[in-house]
Amino acid sequence: MTTPHVVVVMGVAGTGKTTIGPLLADRLGVPYAEADDFHPEANIAKMSAGTPLTDEDRRPWLDAIGAWAHGRAGLGGVVSCSALKRDYRDRLRAAAPDVVLLHLTGDRELIEDRMAHRQGHFMPTALLDSQFATLQPLQADETGVAVDVIGTPDEITERAVTALDGLAH
């Protein structure tokens, strides 16, 4: 990408946001922030118990991510954030209007398999159905790209870089 944008790596749980985000940040030469680090403890407790978050639960989390993205405006950065609903993405853009969205997409079976094999994460596979039910794909007026998560992390990152470069032209 020719200008230092803040890229929000979005998608349902298990698409690889926390794997692809740091790889993308490294490729772009910008810092990476993990969305889970912005959650208040109450949100983590709810998700760990298998309880989906409400929109009200997500507001302070989205505002904290938006503040980070705003602080990186013109400098660039990559932050992971599920950003499943248009309203959530609008809230991020209200704080940081120039964010670019990278939507990691994939087949439900592939994502469930990946979730079942990852270690040390608080999101149980049981919440995957609610994630897919909530997901509102990028709309034509949103600056961003969708990249399929088939393949290795390096292959996915390469496709992401190519797709993001295409936005700049």
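Hi everyone. Two strands count as paired if DSSP finds at least two bridges between them, and strands (E, at least two residues) and helices (H or I, at least four) are DSSP runs numbered from the N terminus. What we have here is a predicted model, where local features need pLDDT of at least 70, side-chain atom pairs count only at pLDDT 80 or more, and totals for chains, interfaces and linings use all residues. Residues are numbered from 1 along each chain as its sequence is written, and side-chain values use heavy atoms, with hydrogens and water left out.

Let's start with the sheet. It is open, has 5 strands with parallel pairing, and its order is S2-S3-S1-S4-S5. At the edges sit S2 (32-33) and S5 (144-148), each pairing on one side only. S5 pairs with S4 (residues 100-105) in the parallel sense, over 5 bridges, and there His-103 stands opposite Ala-146.

Now the helices. H3 (residues 55-71) lies across S1 (6-10), S2 and S3 (77-80), running at about 170 degrees to S3; axes are lines fitted to C-alpha atoms, for helices over the stretch in contact (heavy atoms within 4.5 Å), and angles run from 0 to 180 degrees between N-to-C directions.

My last stop is H1 (residues 17-28) against H7 (residues 153-167): they pack at about 55 degrees, axes 9 Å apart. That makes H1 oblique to H7, as angles under 35 degrees count as roughly parallel, over 145 as roughly antiparallel, 65 to 115 as roughly perpendicular and the rest as oblique. Who makes the contact on the two helices? H1 brings Thr-19, Ile-20, Leu-23, Leu-24 and Arg-27, while H7 brings Pro-153, Asp-154, Ile-156, Thr-157, Glu-158, Val-161 and Leu-164. Thanks, all!
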